[in-house]
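Here's a quick tour of a predicted model, going from the overall fold to one helix pair and the core. Have the viewer open as you read.

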Amino acid sequence: MSVEHTPPSSYILRDIQEVAIPESISWLPQTIGWKVLGVALIIAFAYAAYRYVCYRWQNRYRQEALDVLRQLDPSDKGSAKRVFEVLKSVLRYLNARSASIHGESVLVMLDDYLPHNSSTIFQDNASKIWIDSLVNPSVNLTFEQRVEVIEKAMTWVTAHQYQGSENPQETPRA
(Lines give C-alpha, C1' and ligand atoms only; values in the text may rest on other atoms or scores of the structure.)
Protein backbone atom coordinates (compact mmCIF):
# COMPACT_ATOMS: atom_id res chain seq x y z
CA MET A 1 0.00 0.00 0.00
CA SER A 2 1.88 3.04 -1.22
CA VAL A 3 0.89 6.56 -0.36
CA GLU A 4 1.51 9.46 -2.74
CA HIS A 5 3.24 12.34 -1.03
CA THR A 6 2.89 15.86 -2.26
CA PRO A 7 6.05 17.99 -2.36
CA PRO A 8 6.22 20.77 0.18
CA SER A 9 4.99 24.11 -1.09
CA SER A 10 7.21 26.26 1.08
CA TYR A 11 10.13 28.13 -0.61
CA ILE A 12 12.69 26.89 1.93
CA LEU A 13 11.71 23.22 1.72
CA ARG A 14 11.49 23.08 -2.10
CA ASP A 15 15.02 21.71 -2.72
CA ILE A 16 14.93 18.99 -0.08
CA GLN A 17 15.06 15.48 -1.46
CA GLU A 18 12.18 13.29 -0.46
CA VAL A 19 12.86 10.17 1.57
CA ALA A 20 12.05 6.94 -0.21
CA ILE A 21 9.25 5.09 1.56
CA PRO A 22 9.88 1.33 1.77
CA GLU A 23 7.29 -1.10 0.51
CA SER A 24 4.91 -2.42 3.12
CA ILE A 25 5.68 -5.84 4.54
CA SER A 26 3.04 -8.56 4.37
CA TRP A 27 1.83 -9.85 7.71
CA LEU A 28 0.81 -13.18 6.17
CA PRO A 29 3.19 -16.07 6.79
CA GLN A 30 5.68 -16.59 3.99
CA THR A 31 6.50 -20.28 4.56
CA ILE A 32 4.28 -23.34 4.27
CA GLY A 33 5.01 -24.45 7.87
CA TRP A 34 3.21 -21.47 9.35
CA LYS A 35 0.25 -22.05 7.05
CA VAL A 36 0.04 -25.71 8.09
CA LEU A 37 0.26 -24.69 11.75
CA GLY A 38 -2.47 -22.08 11.24
CA VAL A 39 -4.78 -24.60 9.56
CA ALA A 40 -4.09 -27.14 12.34
CA LEU A 41 -4.93 -24.56 15.00
CA ILE A 42 -8.13 -23.59 13.22
CA ILE A 43 -9.16 -27.26 12.97
CA ALA A 44 -8.33 -27.85 16.64
CA PHE A 45 -10.33 -24.79 17.69
CA ALA A 46 -13.29 -25.84 15.53
CA TYR A 47 -13.21 -29.37 17.00
CA ALA A 48 -13.05 -28.02 20.57
CA ALA A 49 -15.96 -25.67 19.85
CA TYR A 50 -17.95 -28.56 18.33
CA ARG A 51 -17.33 -30.77 21.40
CA TYR A 52 -18.33 -27.94 23.72
CA VAL A 53 -21.55 -27.33 21.81
CA CYS A 54 -22.34 -31.06 21.86
CA TYR A 55 -21.66 -31.21 25.61
CA ARG A 56 -23.92 -28.23 26.28
CA TRP A 57 -26.64 -29.65 24.03
CA GLN A 58 -26.60 -33.05 25.73
CA ASN A 59 -26.69 -31.46 29.18
CA ARG A 60 -29.33 -28.82 28.51
CA TYR A 61 -31.82 -30.84 30.60
CA ARG A 62 -29.66 -30.10 33.66
CA GLN A 63 -29.95 -26.36 33.16
CA GLU A 64 -33.69 -26.61 32.58
CA ALA A 65 -34.13 -28.66 35.77
CA LEU A 66 -31.96 -26.26 37.77
CA ASP A 67 -33.96 -23.30 36.49
CA VAL A 68 -37.20 -24.92 37.65
CA LEU A 69 -35.70 -25.84 41.03
CA ARG A 70 -34.40 -22.30 41.56
CA GLN A 71 -37.87 -20.90 40.95
CA LEU A 72 -39.46 -23.06 43.65
CA ASP A 73 -40.57 -21.31 46.82
CA PRO A 74 -39.90 -23.45 49.92
CA SER A 75 -42.77 -21.75 51.74
CA ASP A 76 -45.17 -23.32 49.22
CA LYS A 77 -46.37 -26.69 50.51
CA GLY A 78 -46.55 -28.03 46.94
CA SER A 79 -42.86 -27.42 46.32
CA ALA A 80 -41.93 -30.90 47.58
CA LYS A 81 -44.21 -32.47 44.99
CA ARG A 82 -42.77 -30.23 42.28
CA VAL A 83 -39.22 -31.28 43.24
CA PHE A 84 -40.28 -34.90 42.84
CA GLU A 85 -41.79 -34.15 39.42
CA VAL A 86 -38.59 -32.46 38.25
CA LEU A 87 -36.34 -35.29 39.48
CA LYS A 88 -38.66 -37.92 38.05
CA SER A 89 -38.67 -36.21 34.65
CA VAL A 90 -34.86 -36.11 34.70
CA LEU A 91 -34.80 -39.82 35.55
CA ARG A 92 -37.23 -40.54 32.71
CA TYR A 93 -35.01 -38.56 30.36
CA LEU A 94 -31.96 -40.57 31.42
CA ASN A 95 -33.71 -43.94 31.39
CA ALA A 96 -37.23 -44.50 30.13
CA ARG A 97 -37.52 -47.60 32.34
CA SER A 98 -37.50 -45.42 35.43
CA ALA A 99 -40.97 -44.06 34.63
CA SER A 100 -42.66 -46.88 36.57
CA ILE A 101 -40.64 -46.71 39.79
CA HIS A 102 -42.03 -45.05 42.88
CA GLY A 103 -41.46 -44.77 46.61
CA GLU A 104 -38.08 -45.33 48.15
CA SER A 105 -36.82 -47.06 45.00
CA VAL A 106 -36.75 -43.59 43.42
CA LEU A 107 -34.31 -42.51 46.13
CA VAL A 108 -32.13 -45.55 45.48
CA MET A 109 -32.12 -44.88 41.75
CA LEU A 110 -31.26 -41.22 42.29
CA ASP A 111 -28.27 -42.22 44.41
CA ASP A 112 -27.22 -44.81 41.82
CA TYR A 113 -26.62 -42.01 39.32
CA LEU A 114 -24.15 -40.24 41.62
CA PRO A 115 -20.42 -40.74 41.03
CA HIS A 116 -19.01 -43.72 42.89
CA ASN A 117 -16.61 -41.63 44.96
CA SER A 118 -19.39 -39.42 46.37
CA SER A 119 -21.70 -40.19 49.25
CA THR A 120 -25.39 -40.84 48.91
CA ILE A 121 -27.66 -37.83 49.07
CA PHE A 122 -31.11 -39.35 49.44
CA GLN A 123 -30.50 -42.18 51.93
CA ASP A 124 -31.42 -40.26 55.06
CA ASN A 125 -34.52 -39.84 57.17
CA ALA A 126 -35.50 -36.47 55.66
CA SER A 127 -35.63 -37.97 52.17
CA LYS A 128 -37.81 -40.84 53.35
CA ILE A 129 -40.17 -38.38 55.04
CA TRP A 130 -40.24 -36.42 51.77
CA ILE A 131 -41.29 -39.51 49.78
CA ASP A 132 -43.88 -40.39 52.45
CA SER A 133 -45.31 -36.85 52.25
CA LEU A 134 -45.95 -37.35 48.54
CA VAL A 135 -48.05 -40.45 49.15
CA ASN A 136 -49.58 -39.76 52.55
CA PRO A 137 -51.37 -36.39 52.86
CA SER A 138 -51.17 -36.50 56.66
CA VAL A 139 -47.34 -36.26 56.51
CA ASN A 140 -46.30 -32.63 56.09
CA LEU A 141 -42.80 -31.28 55.59
CA THR A 142 -41.55 -28.34 57.58
CA PHE A 143 -40.09 -25.29 55.86
CA GLU A 144 -36.55 -26.43 56.71
CA GLN A 145 -37.21 -29.90 55.29
CA ARG A 146 -38.55 -28.41 52.04
CA VAL A 147 -35.44 -26.20 51.78
CA GLU A 148 -33.26 -29.28 52.37
CA VAL A 149 -35.11 -31.29 49.70
CA ILE A 150 -34.70 -28.49 47.14
CA GLU A 151 -30.98 -28.16 47.96
CA LYS A 152 -30.48 -31.93 47.67
CA ALA A 153 -32.28 -31.96 44.34
CA MET A 154 -30.12 -29.14 43.00
CA THR A 155 -26.99 -30.95 44.19
CA TRP A 156 -28.12 -34.16 42.52
CA VAL A 157 -28.98 -32.49 39.20
CA THR A 158 -25.57 -30.84 39.18
CA ALA A 159 -23.55 -33.89 40.25
CA HIS A 160 -25.23 -36.94 38.71
CA GLN A 161 -23.50 -38.86 35.96
CA TYR A 162 -25.12 -40.78 33.17
CA GLN A 163 -23.53 -44.18 32.56
CA GLY A 164 -25.57 -45.27 29.55
CA SER A 165 -25.52 -44.67 25.82
CA GLU A 166 -24.35 -41.48 24.10
CA ASN A 167 -27.90 -40.17 23.73
CA PRO A 168 -29.95 -40.80 26.87
CA GLN A 169 -33.34 -40.28 25.23
CA GLU A 170 -32.65 -43.19 22.85
CA THR A 171 -32.84 -45.72 25.68
CA PRO A 172 -35.24 -48.51 24.64
CA ARG A 173 -38.53 -48.71 26.52
CA ALA A 174 -39.45 -51.87 28.38
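## Overall make-up

The chain has 6 helices and 0 strands, running α-α-α-α-α-α from the N terminus. Helices (H or I, at least four residues) and strands (E, at least two) are DSSP runs, numbered from the N terminus. Of the 174 residues, 28% are buried (under 20% relative accessible area, 1.4 Å probe, protein chains only).

Numbering starts from 1 along each chain as its sequence is written. Since this is a predicted model, local features need pLDDT of at least 70 and side-chain atom pairs count only at pLDDT 80 or more, while totals for chains, interfaces and linings use all residues; side-chain values use heavy atoms, with hydrogens and water left out.

## H3 against H4

Helix H3 (residues 79–94) packs on helix H4 (residues 104–112) at about 60 degrees, axes 11 Å apart. Axes are lines fitted to C-alpha atoms over the stretch in contact, with angles from 0 to 180 degrees between N-to-C directions.

On the H3 side, Phe84, Leu87, Lys88 and Leu91 meet Val106, Met109 and Leu110 of H4; contact means heavy atoms within 4.5 Å.

## The core

The largest nonpolar core has 29 residues, and Val83, Leu87, Phe122, Trp130 and Trp156 have the most contacts inside it. Such a core is a set of buried Ala, Val, Leu, Ile, Met, Phe, Trp, Tyr and Cys residues joined through side-chain atoms within 4.5 Å. H3 gives the most, with 8 residues.

Beyond four places away in sequence, Trp156 touches residues including Leu87, Leu91, Leu110 and Phe122.

Key
Buried < 20%, exposed > 50% of the residue type's maximum accessible area, 1.4 Å probe, protein only.
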